Amino acid sequence: MRVLLAQHLGFCFGVRDALMIAESTDRPDLVTIHGELVHNEAVLHRLDELGFHRQPESNRAEIPATPFVMITAHGVSDAERQRLTAAGKQFLDTTCPLVVRVHRAALELAAEGRHVIIIGRPGHVEVAGVLEDLPSGEVISDAAQARNFERLRLGVVCQSTTPPRVAEETLMAIRRLNPDADVRSIDTICQPTRDRQDAVKRLLPQIDVMVVVGGQNSNNTRELARLAEESGVPTHHVQGPDDLDPAWFLEKTACGLTAGTSTLDTTVSAVHRRLLRIAAERETAECREAEIAIRGVGVSGGESDGVTRSSSPQPALSRSAAPPA
Ligand code: SF4
């Protein structure tokens, strides 16, 4: 079995920059991270070890006790900033510039007097932050939730990690169901998300099993898994190498590997190494079986020439590129 890595996978610059800011903080004990800095258990554990206070996403209404608040890459609304500022908090702001772009686009559409529809995951922190600042807006997840919104002016933006196909289908449905409305959309899907999804699409014709690495609550990781699943390729969403089951790869010839934007490089490398080991072990086992079969023919088959041969074929493990650093 070969293991093929997607051309673009793992950390995006937004998550990498957020973690660099966290790692370079002098006094983590004075900082509360406002929600999950990234949706990745290994990273959150590391932040705990550094001494940061963490406020669960479900509990962001509470004012943190520390003097500093770290805004995550997913951003917050202006209203939330004002609330925290009024409580005397200072910010370490790691909001991704591409999330800021979603906020600006939504406010631009709202300033034109439009009811703003955000295509994204209801309740996701990025979406909640954008929605909170809008005088009139709502969130829908896909085309099935589109309806006649009974407004004459509509604006449409997307959560940054929305799959482009979902965004296109939903926008078409909005236009179809609101024929009398003036609909203006602004494309706010981030480039790293597009790159990772396009890389998976290019990989799919070459593989017969797929492994996607990332947190179970990482939106973009789940979208990568969904993209692969929808193509019919058996897909396994794992958080680390220990989640891999060798039985998934029996009879498979090529395994694809990708990872969400919040997955550590070290985790991707560990999963890659384990996949290569599984491939090597399987091919060694197959070679042993072949050897036994050949010997069996030599002993009992009528085609034997009477010579017992010592057949020791080398496992022909085909490896793709070296694991990422
Ligand atoms: S996924 Fe896109 S929007 Fe989100 S942090 Fe990464 S680059 Fe920024």
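This is a predicted model: local features need pLDDT of at least 70, side-chain atom pairs count only at pLDDT 80 or more; totals for chains, interfaces and linings use all residues.
Where does the ligand lie relative to domain 1 (13-95) and domain 2 (99-189)? I looked: both domains give residues to the shell around the ligand, so it lies between them. The domain bounds come from an automatic or database domain assignment.

I number residues from 1 along each chain as its sequence is written.

**Ligand shell.** I found 15 residues around the ligand, with Cys12, Gly14, Cys96, Ser160 and Cys190 coming nearest; near means a C-beta atom, placed from the backbone, within 6 Å. Two or more residues each come from α1 (13-23), α4 (97-111) and α7 (191-203). Of these, α1 gives the largest share, three residues. Helices here are DSSP runs of H or I with at least four residues, strands are E runs of at least two, and both are numbered from the N terminus.

I then sorted the shell by type: nine nonpolar, six polar and no charged. Nonpolar covers Ala, Val, Leu, Ile, Met, Phe, Trp, Tyr, Cys and Pro; charged is Asp, Glu, Lys and Arg; the others, Gly among them, are polar.

**Sheet.** Next I traced an open sheet of four strands, order β1-β12-β10-β11, with parallel pairing; a pair needs at least two DSSP bridges. β1 (2-5) and β11 (235-238) are the edges, and each has a single partner strand, so one side of each is left without a neighbour in the sheet.

Inside, β10 (209-213) and β12 (254-259) run parallel and are joined by five bridges. I also checked valine 211, which stands opposite leucine 257 in β12.
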